[in-house]
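Good morning, and thank you for making time for this presentation.

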Amino acid sequence: MAKADEDIIYDQLIKLGISVKGTKAKGKLKSDTESIQYLGGRVDSEIYYLEEATNLSQSELNKYICRAKNDFMLFNAINKRHPDLIKPNLLRRIDRLIHAIAKQEAILLQKYRIQNPNGNRINIEKLFDGNNYYKKLLNCNMSQLVKEILADSTYTTVGKNRRDIFITETGKKYHRKDCPYCKRKILTVSSMKLVRNLKLEPCKCIKDMDERTKKEDSYRTIFVDESLHNVNWNLVDFGSKVSSFSYIICKGNLTSETEITEDNIIAIDVEYTPEQYRIERVTKSAIAATMLMLAFDYGFKGHIKIFTDNQSTMKSWMTENKNKRLSELFESVTVEYIPREDNTKADQLGRTQMCLKLPMPVYKQIGDIITEFPKLKQDNERLKERELEDFLDREREYSQKLAHENNYLRNMSMISIIKERIKYLFQKEHLPVMAVDELKTAKNIQLHVE
Ligand SMILES: [Zn+2]
């Protein structure tokens, strides 16, 4: 039989108490002795209010629950610092207090269960498995916490036909809003977390829709990636630092980047923004730019799904006025979080384009350095030999020179990579991607010279 809510809450509260640190606090023996005396009195009254008082309003009850939890934490801190101050009698009363809190919170949780579809089926124990959500119980009660845990954190969606998922009161499946198989049932909006907690399966309506919309023209899937660049070229026009975002816009409702093909790509590019520090802003610009393009360059008005690996932007993108208004142009806009390792294509695109899109003055600078390269390399070799011979008496002079040459070489190794990439681009039509090995080689040259 499944554990009762009251027992689960009790267990989590005990975990919360154990997590208190006893060492950090000021706690001198004298003040702890005093605290324990006062604590005993307070605990008795808290037990009274939580166990006996039947005419308390919910807000008064909450107040006592809150006080009781704080006293419980104080008790645990003192218990860690000076365990000999704790008498068995107090220990028993504290335990009774925790049971009283758990009982009150279980009543609230029961209300939550009744008021929410499938609420009676939520597996509370599983929600706390392998995480430290219990720490939040200090500042809120179990029903608030359950609500918070079950709220979805993997996507946000807005629009006339938001892409939410729905559940019925007792069913074993989850659905689209317009499920043809649920005509007489009441559907309520849910979250993937609740769906997983209840172990619900996708209804045929979900599978049909995914299949149907995979190639459908009323859907666009966008992969965006962003980066703040520290550009070595200190040009006045270009700025020493710029950020960029890359995007791949595909036709259809894709579920991952593995579904990107040459046939379904509509647009693919990199753009620059002047933002220097806040990565979230770059991602928001990327979302705005792709919506703008779809609405005005392509006259698209259907459903958009944007994948990003920036979790905070996924949560907050529509708080920006521009994004909110742009999203109103479409049937729906859903921004979904994917882990970085599943967003590699947009990421690689950004890196490669970063090199290919250097401004003309930089190319000229590259050219100058290329012509000097063999000489520089020779000089560098010679300098190194001499450095070994005259190291003791001429150390300072040469190390300075070396630093200077080394700087040139560092630029040079970057440049040769860029040059190779450009050549490659003209030979082949698809976009090149800078390999990690080449970057390592570039670094090795640098190290070797040093
Ligand atoms: Zn359905």
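This is a predicted model: local features need pLDDT of at least 70, side-chain atom pairs count only at pLDDT 80 or more; totals for chains, interfaces and linings use all residues.

Let me start with a question: which residue stands opposite Thr 188 in S4? The residue is Ile 167.

Strand S2, residues 165-167, and strand S4 run antiparallel and are joined by three bridges. The two belong to an open sheet of four strands, in the order S4-S2-S3-S5, with mixed pairing. At its edges stand S4, residues 188-190, and S5, residues 201-202; each has a single partner strand, so one side of each is left without a neighbour in the sheet.

Strand S1 and strand S10, the latter spanning residues 332-337, pair over four bridges. Within this pair, Val 158 faces Val 333 of S10 as its opposite residue. In a regular strand, side chains alternate between the two faces of the sheet. For S1, residues 155-158, both faces are covered: Tyr 155 and Thr 157 are buried on one side, and Thr 156 and Val 158 are buried on the other.

I turn now to the metal site. Which residues donate to the zinc ion? The protein donors are His 175 through ND1 and, through their SG atoms, Cys 179, Cys 203 and Cys 205, at 2.1 to 2.4 Å from the ion. Along the chain, these donors follow the spacing H-x3-C-x23-C-x1-C. His 175 belongs to strand S3, residues 173-175, while Cys 205 belongs to helix H8, residues 204-213; the pair therefore ties together parts that are 30 residues apart in sequence.

Why is the arrangement around the zinc ion called tetrahedral? The four donor atoms subtend angles of 97 to 126° around the ion, and this makes the arrangement tetrahedral. The criterion applied here is that all angles lie between 85 and 135 degrees. For comparison, the ideal angle for four tetrahedral donors is 109.5 degrees.

Both His 175 and Cys 205 are buried; for Cys 205, the relative accessibility is 6%. Another cysteine in this part of the chain deserves a remark. The structure holds zero disulfides. Cys 182 is accordingly in none, and the nearest cysteine sulfur to its own is that of Cys 179, one of the zinc donors, at 3.7 Å. Cys 182 counts as buried, because its relative accessible area is 5%.

Helix H8 itself can be described by its two sides. Its buried residues are Cys 205, Ile 206, Met 209 and Thr 213. Viewed down the helix axis, these buried residues fall within an arc of 100°, so they line one face of H8. The face turned away from the buried side carries Lys 207 and Glu 211, which are exposed.

Let me close with the charged pairs. How many salt bridges are there? The count comes to 17. In one of them, Arg 93 pairs with Asp 44, with the closest N and O atoms 2.8 Å apart. Arg 93 is in helix H4, residues 88-115, and Asp 44 is in helix H2, residues 29-51, so this pair ties together parts that are 49 residues apart in sequence. Asp 44 is partly exposed, at 37% relative accessibility.

Arg 96 and Glu 51 also form a salt bridge, and here the closest N and O atoms are 2.7 Å apart. This pair, too, links distant parts of the chain, with Arg 96 in H4 and Glu 51 in H2, 45 residues apart. Both partners count as partly exposed: Arg 96 at 42% relative accessibility, and Glu 51 at 35%.

Is the arginine of the next pair, Arg 220, buried or exposed? Arg 220 counts as buried, at 11% relative accessibility. Its side chain meets that of Asp 217 in a salt bridge, at 3.3 Å from N to O, and Asp 217 is partly exposed, with a relative accessible area of 46%. Finally, Lys 3, Asp 11 and Glu 125 are linked in a network of salt bridges.

Thank you for your attention.

Notes: Residues are numbered from 1 along each chain as its sequence is written. Side-chain values use heavy atoms; hydrogens and water are left out. Donors are N, O and S atoms within 2.8 Å of the metal (3.2 Å for Na, K and Ca); water is not among the atoms, so sites may look incomplete. Four donors count as tetrahedral if all angles lie between 85 and 135 degrees; four count as square planar and six as octahedral if opposite donors are over 155 degrees apart and all others between 65 and 115; anything else is irregular. Buried means under 20% relative accessible area, exposed over 50%, partly exposed in between (1.4 Å probe, protein chains only). A salt bridge is a side-chain nitrogen of Lys or Arg within 4 Å of a carboxyl oxygen of Asp or Glu. The arc is that of the directions from the helix axis to the C-beta atoms. A disulfide is a pair of cysteine sulfur atoms within 2.5 Å. Two strands pair if DSSP finds at least two bridges between them.
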